[in-house]
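Subject: Structure handover

Hello,

Here is the structure you asked for. My notes on it follow below.

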Amino acid sequence: MIRPLRWKDGHRFLMAARAGLYLDERTARVSRFRPMEAATVALFFPDLSPVLTLADGPGHRFLQVTWPPREGEARLLFMAPAPAAVDAEAFRPWAEIIEAIAGWAAAQGITRLVAEVAAEDLRPALLRQMGFRRVRRYTVWSGPAEVVAEAFRHIGRGQERPRASAWALHRGARGAWIEESRNAAGSPLWDLAHTLADLGPRWRQPVYVLTRWEHPEIQEALRALGLQPAFMVWRMVRWVALPALWAGGEVETVLPARPALEFPRIAQGRSRAYPSV
């Protein structure tokens, strides 16, 4: 059984969060998201909160995801408590919960659960135990606060800001995280410089830039601004089956290319799997 966090879960969630684990690298690096604060906001303003906290029936284990889903995607942010080790025995209490969450996600119209974590630690192995697949690997560049001053020097040379930036900026208590939101058009140097300048001349925290397309022009622009490759991030996906109503009233299960779960039969309909293309 999977359900939203309740008021009576507050103390248990607080205790579990002490042994929790971030499942989103941006969240972990810049601390833009705090699990307890997100859970509290959702209890007071459930319709306005961007984070949903899910609990198992007894309220012993919790998973936080972005809400509402965007384009069928829900991002995993935080789990608590994390398994003590990456093996089947330690993971067993979470196994049934993850299966239930996949079923819940299908009922909400979610097509995939997504986590983006550093490639060099144990979280990718943990996510594989949860049925996730590694689909893409990205490079994250980093630099000190001085890269913002370098960005202002480039802007001072007179290049106008692009009308639509290809970069999304996220500020946090311990740094800034910039990532490509779409394919860059034109010179990436000026676009990146203006995005960095949005942090302001008083910025004093490190900066991380995640690149989704390994274009030489983007790499040259990052180096010109004083950033260097720092670590790799895996984008990991667990596909979720969705029920679909077809002509004649038959309910069939439509699965994405890498299925993790076949949604159970509904009413009197027949269940058949069709991989998407």
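To start with charges over rings: Arg212 lies over the face of Tyr138, 4.7 Å from the ring centre. Arg134 does likewise with Trp234, at 4.6 Å from the ring centre. A charge is taken to sit over a ring if NZ of Lys or CZ of Arg is within 6 Å of the ring centre and within 35 degrees of the ring normal.

Some ground rules. This is a predicted model, in which local features need pLDDT of at least 70 and side-chain atom pairs count only at pLDDT 80 or more, while totals for chains, interfaces and linings use all residues. Residues are numbered from 1 along each chain as its sequence is written, and side-chain values use heavy atoms, with hydrogens and water left out.

Aromatic pairs. Searching the whole structure gives seven of them. Rings of Phe, Tyr and Trp (its six-membered ring) pair if their centres lie within 6.5 Å; planes under 30 degrees apart are stacked, over 60 edge-to-face, and the rest tilted. Trp67 and Trp104 make a tilted pair, 5.7 Å centre to centre with 35 degrees between the planes. Trp67 is in the loop between β4 (62-66) and β5 (73-80) and Trp104 is in helix α4 (residues 88-107), so the pair ties together parts 37 residues apart in sequence. Helices (H or I, at least four residues) and strands (E, at least two) are DSSP runs, numbered from the N terminus. Trp67 is partly exposed, at 25% relative accessible area, and Trp104 counts as buried at 16%. Buried means under 20% relative accessible area, exposed over 50%, and partly exposed in between (1.4 Å probe, protein chains only). Ring pairs also link Trp7, Phe44 and Phe45 into a cluster.

Strand β3. Six of the six residues of β3 (residues 51-56) are buried. β3 pairs antiparallel with β1 (residues 2-4) over three bridges, and Ile2 stands opposite Asp56. β3 also runs antiparallel to β4, joined by five bridges; there Ala55 has Phe62 as its bridge partner. Strands pair if DSSP finds at least two bridges between them. β3 and β4 form a hairpin with five residues between them, and Gly59 in the turn has a positive phi of about 80 degrees.

Cores. A nonpolar core is a set of buried Ala, Val, Leu, Ile, Met, Phe, Trp, Tyr and Cys residues joined through side-chain atoms within 4.5 Å. The largest has 28 residues, of which Leu76, Ile101, Trp104, Leu113, Leu127 and Met130 touch the most other members. Helix α4 gives the largest share, eight residues. Apart from this core lies another of 22 residues, including Ala151, Leu192, Leu222 and Leu227.

Helices α6 and α7. Ten of the ten residues of α7 (residues 188-197) are buried, so the helix is largely enclosed by the rest of the structure. Its buried residues pack against α6, β8 (167-172), β9 (175-180), β10 (207-211) and α8 (216-224). His154 lies in α6 (residues 146-155) and is buried, with a relative accessible area of 5%. Not counting residues up to four places away in sequence, His154 touches Leu189, Trp190, Ala193, Ala224 and Leu225, where contact means heavy atoms within 4.5 Å.

Regards
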